[in-house]
Amino acid sequence: MALQQKLHTRLQQKLILTPSLQQAIKLLPLSTLELADMITQELVENPLLEEVPVEDAQRTDAQTQAQTEEEAPPAAKEDRFESWDEQDYAYFFGDYLDEGYRPRMPQEVKELPPIENTLSMPSSLSDHLMWQLSLQTDDAVPREIGTAIIGNLNDDGYLVASVDEIAQMGTWPIADVERSLALVQQFDPIGVAARDLQECLLLQIRYLGLTGSPAEKIVVEHLRLLQNHQVPELARRMGMPIEELKTHIEIVRRLDPKPGSRYNPSPSQYVTPDVYIAKVDDQYVALLNDDSLPQLRISPTYRRLLEKGGENTEETRQYVKEKFRSALWLIKSIDQRQKTIHKVATSIINFQREFLDHGIETLRPLVLRDVANDIGMHESTVSRVVNNKYMHTPQGVFEMKYFFHSGISSSYGDHVSSVAIKQRIRKIIENEDGAKPLSDSKIVSILQHEGLHLARRTIAKYREELKIPTSNQRKLLY
C-alpha cells in the first residue's frame, strides 16, 4: 500500500501550565525561610525587583490603614486588557511602584568582631581520637592502623569492621592490628572501639578497677538475664541475695553503652513557624509570619525606561519587558501563595477548634480531602501547602502535617484520632505500677472499657512508634 500525506482537522483539549502557574506551584511547598532565600536570589538576578525599605513599608501601611478607615475600598476592576501596552500596571501594582530613589541618611556602622573569631566547629569523635593517637605513637604503621580503626567506628563508638577486614586494608599482620586496637580502646571515652556491648561494658569495668568483681561476672556470664530483668534467676546463679546483688547491678546500669554518642550529638533543628494562631474575641485567627520576607516592588527607573521607548533600542526594551513580566509573576505568585496558606490554616482551625482549646486528646481525625473540599482546592495543593511548614498554636508548635491523621470510631459514635489514642496509651503506661507493668493485652482491655476497640498488634505498633519498651523491659528490677 502506497504511503500518502494528508491533512486532518482534530479538536482536542490540553492542560498547559503557564509560566506563572509553574512558578506558583514551585513556591507552595517552600517554607518561609526557603522563600526568603529564593526572593533574595531573584533580587540579585532581576534588576527590576527592589526591596521596599522598612520605613517606606511602614509609611505605606499607615496610609493604607488611614484610607480604609475613611472610605470603603473601591471594587476591584476586571482585567480586560490583554496587550502589553494597554495594561495599566501602575493601577494594579501601585503598591509596588515608587517615584524614584530616595537617599537614606548615613547611619553609624558599629564595629563587630570578624566572623572567623565568632565561629567554631565542635570536635567530632574521630577528631578526638586522632588527637589522642597522635600523642601516643610516632610509628607510621600503628598510626596507619589506628587511623583505619578510627575510620570504621560508628556514631556510638563501636567498631563496625572485623580485625581481618582492617588487616586487609593495608596488608597488615593480624597481631599488629590487635595491638593497635588495644591501644585505641584505651582512649577517651572509655569503651570506644568495642566490637559489641559486652566488650564495651568490660572495657569500662576494667578501667574502674573492678576486674574479677561480681559486676564483671554479670557482664561476662549473665548479661542476657540482666537485659531481660530476670533478677531472681540472676541472684540464684550468682549465689547471692537480691539485696546484695543490687549494688553490682547498679554499677553495670551506670556504665555508658554508647560512649561515642556524646561526641556525635544530633544537630539541633531550629523551626520558624510559618503561621501563628491567635485567639481574638473567642475566635482563632491565622496570622502569616512574613517578618523575614522582604516586601517587593518594581523599580521605577526601569518603568520610566519602558515609557521612553524612543531613546532605547528594541533589544533593550525587550530585555526590560521580559524582566518586568518575571517580576510581576513573582509578586503575584507570592501573593497567591500567602492567600492559599491562609485559607488552609483557617480551615485547619475550623476542623481542630477543640484541639486548640483542650489539647492533643481532643485532636480530630482529618484527611487532606476534608480541607480541600472546604476551601475548594485540589488535595495536591493542600499537600504542597502543609509540606515543610509549621504552625504556632496555643498548644505548642506543630508541623502542619501533624493535624492530618486517620482515626477510628468509638462505641459512643465519636471519631478518635490515632494521635489521641497514642497519647492515651502513653498516659496509661505512665500511670502503671512499675512492679507489674501492663501488657499490650491489658491495655487493649482498658481501651475497650473506654469505647475504643483496637487489636493487640495495633497497640504494639503504636507503643513502638512511641519508643516505649515491652512490659518485661519496663518492669522494675527491685
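A contact is defined here as heavy atoms within 4.5 Å. This is a predicted model in which local features need pLDDT of at least 70, side-chain atom pairs count only at pLDDT 80 or more, and totals for chains, interfaces and linings use all residues. Residues are numbered from 1 along each chain as its sequence is written, and side-chain values use heavy atoms, with hydrogens and water left out.

**View 1. Overview of the chain.** Of the contacts with a separation of 6 or more, 63% link residues 24 or more positions apart. The chain has 22 helices and eight strands, taken as DSSP runs (helices H or I, at least four residues; strands E, at least two) and numbered from the N terminus. Among its 478 residues, 37% are buried (under 20% relative accessible area, 1.4 Å probe, protein chains only).

**View 2. The β2–β3 hairpin.** Strand β3 (residues 283–288) pairs with β2 in the antiparallel sense through six bridges; pairing requires that DSSP find at least two bridges between two strands. Two residues separate β2 from β3 in this hairpin, and D281 in the turn has a positive phi of about 55 degrees. The bridge partner of Y276 in β3 is L287.

**View 3. The parallel pairing of β2 and β5.** Strands β2 (residues 275–280) and β5 (residues 390–393) run parallel and are joined by two bridges. V275 lies opposite M391 in β5, while Y276 lies opposite H392.

**View 4. The β5–β6 hairpin.** Four bridges connect β5 with the antiparallel strand β6 (residues 396–399). Two residues lie between β5 and β6 in this hairpin, and T393 stands opposite G396 in β6.

How values were computed
Buried means under 20% relative accessible area, exposed over 50%, partly exposed in between (1.4 Å probe, protein chains only).
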